[in-house]
Amino acid sequence: MKVAVLGCGRWGSFLAWYANKLGHEVTLWGREASKHYQRLVDSRTNDYLILPQTIHITNKMVEAIQFAEIILIAISAQELRGFAKQLNTMGITNKSFVLCMKGLEMESGERLSQVLMEEIQSPVNVAIWVGPGHVQEFVQDIPNCMVIDSDDMNITKWIVDSFGSDTIRFYYGQDLLGNEIGAAAKNVIGIAAGMLDGLGYTSLKGALMARGTKEMARLVKAMGGSELTIYGLGHLGDYEATVFSRHSHNRRFGEAFVTKEPFGKLAEGAATVKALLQLSAKYNVELPICQAVDSVLSEGSDPKEQLIKLFMRPVKVEGI
Ligand SMILES: NC(=O)C1=CN([C@@H]2O[C@H](COP(=O)(O)OP(=O)(O)OC[C@H]3O[C@@H](n4cnc5c(N)ncnc54)[C@H](OP(=O)(O)O)[C@@H]3O)[C@@H](O)[C@H]2O)C=CC1
Ligand SMILES: O=C(CO)COP(=O)(O)O
């Protein structure tokens, strides 16, 4: 299979490495001015892996797109709309795009598949690739389970057949909405987890898992998805890799935020929390953990006070 990967940061470089390992022909695209791109061109390495010479690296997006049958996208979620507009001029009719990103658009609250479909003017296939997995572990052959979802089971199955291996066991997603919301929202829960770590309250992460999933399940149900999706790989299944992992950028961002240390990596949850609060208002679903995270990040609220506020909420039956 001919595969293009657009975006050459941590995840994009891994996707290219992995697709190449499976025997696909791979072109990896990065922006010419990108430090990630330049480093890969100069040395074929980054902080995580070594790219074999058989992977073609280019800064010409049209070349990558015209070459490929399947196009994996791994850029920052908030950049997708502008990025998608550029694709229209590149001969994308009937190509298959797989969004390998975890976020919601901050301004609109929209899912990334919605954003892409709004901007693209040709018929294309769109799927998502979500679930737990860190580059640092995959490159050591430590396996994990992930999900492919789309509105078309034939496409879902084709992508799974193309990328499944003994390193990544894929499941067929059946709830695109639930998996997109869940995958994006786990990053917000990851930030909350990092805040707990930073405050010395790591033992509260069990409660965060139980109440975080409940909060997101309510939202997904109100939006028309299946609340059970939240308990699948895309959300709960990604907690170990986010809420507990030393590799998680979202968790580390949350921890650094409360300990007032610098952290320069992409933490998608910081923007996604705004989108979730829009959805909370639109669908009239309370999201108290998201509210608390946003209040700390955007309003300068004291994280301990926000936690106390969560504890002072009216007592409820656990299932609700
Ligand atoms: N298990 C999983 O499914 C994982 C998923 N992810 C997801 O992958 C996505 C990317 O994360 P990650 O790789 O860690 O982030 P990085 O910051 O490492 O990489 C992001 C890449 O996106 C590129 N980019 C940003 N904006 C644009 C734009 N407007 N046009 C073109 N390229 C752009 C950056 O370019 P430049 O090099 O110029 O800065 C960079 O190469 C996130 O949504 C994240 O949640 C991440 C890890 C694991
Ligand atoms: O999605 C991921 C693991 O599945 C990566 O999480 P972070 O972006 O928090 O590092």
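Student: Which of the 13 residues around ligand 2 come nearest?

Tutor: P132, A241, S248, H249 and N250 come nearest to ligand 2. Keep in mind that this is a predicted model.

Student: Which helices supply at least two residues each to the shell around ligand 2, and how do the residues divide by class?

Tutor: Helix 8 (176–199), helix 10 (239–242) and helix 11 (249–259) each do. By class, this shell has 9 polar, 2 nonpolar and 2 charged residues.

Student: From which domains does the shell around ligand 2 draw at least three residues each?

Tutor: From domain 1 (2–172) and from domain 2 (185–311).

Student: What about ligand 1: which residues come nearest, and which helix gives the most to its shell?

Tutor: There are 26 residues around ligand 1, and G9, W11, S34, E79 and M101 come nearest. Helix 1 gives the most, with 3 residues. Helix 1 (10–21), helix 2 (35–43) and helix 4 (80–87) each supply at least two. The classes in the shell around ligand 1 are 11 nonpolar, 10 polar and 5 charged residues.

Student: How many helices and strands does the protein have?

Tutor: The count is 14 helices and 8 strands.

Student: What share of the 320 residues counts as buried?

Tutor: 48% of them do. The cut-off for buried is 20 or more other C-beta atoms within 10 Å.

Student: Why is R44 called partly exposed?

Tutor: R44 has 15 C-beta neighbours inside 10 Å. Buried needs 20 or more and exposed 12 or fewer, so a value in between is called partly exposed. R44 is in the loop between helix 2 and strand 3 (56–58), and has a positive phi of about 60 degrees although it is not a glycine.

Student: And D141: buried or exposed?

Tutor: D141 has 8 other C-beta atoms within 10 Å; the limit for exposed is 12 or fewer, so D141 is exposed. D141 lies in the loop between helix 6 (135–138) and strand 7 (144–150). Its phi is also positive, about 65 degrees, although D141 is not a glycine.

Student: How many residues of domain 1 and of domain 2 are in contact with each other?

Tutor: 19 residues of domain 1 are in contact with 20 residues of domain 2. Contact here requires C-beta atoms within 7 Å. On the side of domain 1 that touches domain 2, strand 7 provides the largest share, 3 residues. That side divides into 9 nonpolar, 8 polar and 2 charged residues. The C-alpha centres of the two domains lie 25 Å apart.

Student: What does UniProt place at residues 2–154?

Tutor: The unreviewed UniProt entry places there the feature "domain: Glycerol-3-phosphate dehydrogenase NAD-dependent N-terminal". In the model, the chain over residues 2–154 is 33% helix and 22% strand, with the end C-alpha atoms 18 Å apart.

How values were computed
Residues are numbered from 1 along each chain as its sequence is written. Chains are lettered from A and ligands numbered from 1 in the order in which they are written. This is a predicted model: local features need pLDDT of at least 70, side-chain atom pairs count only at pLDDT 80 or more; totals for chains, interfaces and linings use all residues. A residue is near a molecule or strand if its C-beta atom, placed from the backbone, lies within 6 Å of it. Helices (H or I, at least four residues) and strands (E, at least two) are DSSP runs, numbered from the N terminus. Ala, Val, Leu, Ile, Met, Phe, Trp, Tyr, Cys and Pro count as nonpolar, Asp, Glu, Lys and Arg as charged, and the others, Gly among them, as polar. Domain bounds come from an automatic or database domain assignment. UniProt positions are given in the numbering used here, feature names are shortened, and annotations may be inferred rather than shown by experiment. Two residues are in contact if their C-beta atoms, placed from the backbone, lie within 7 Å.
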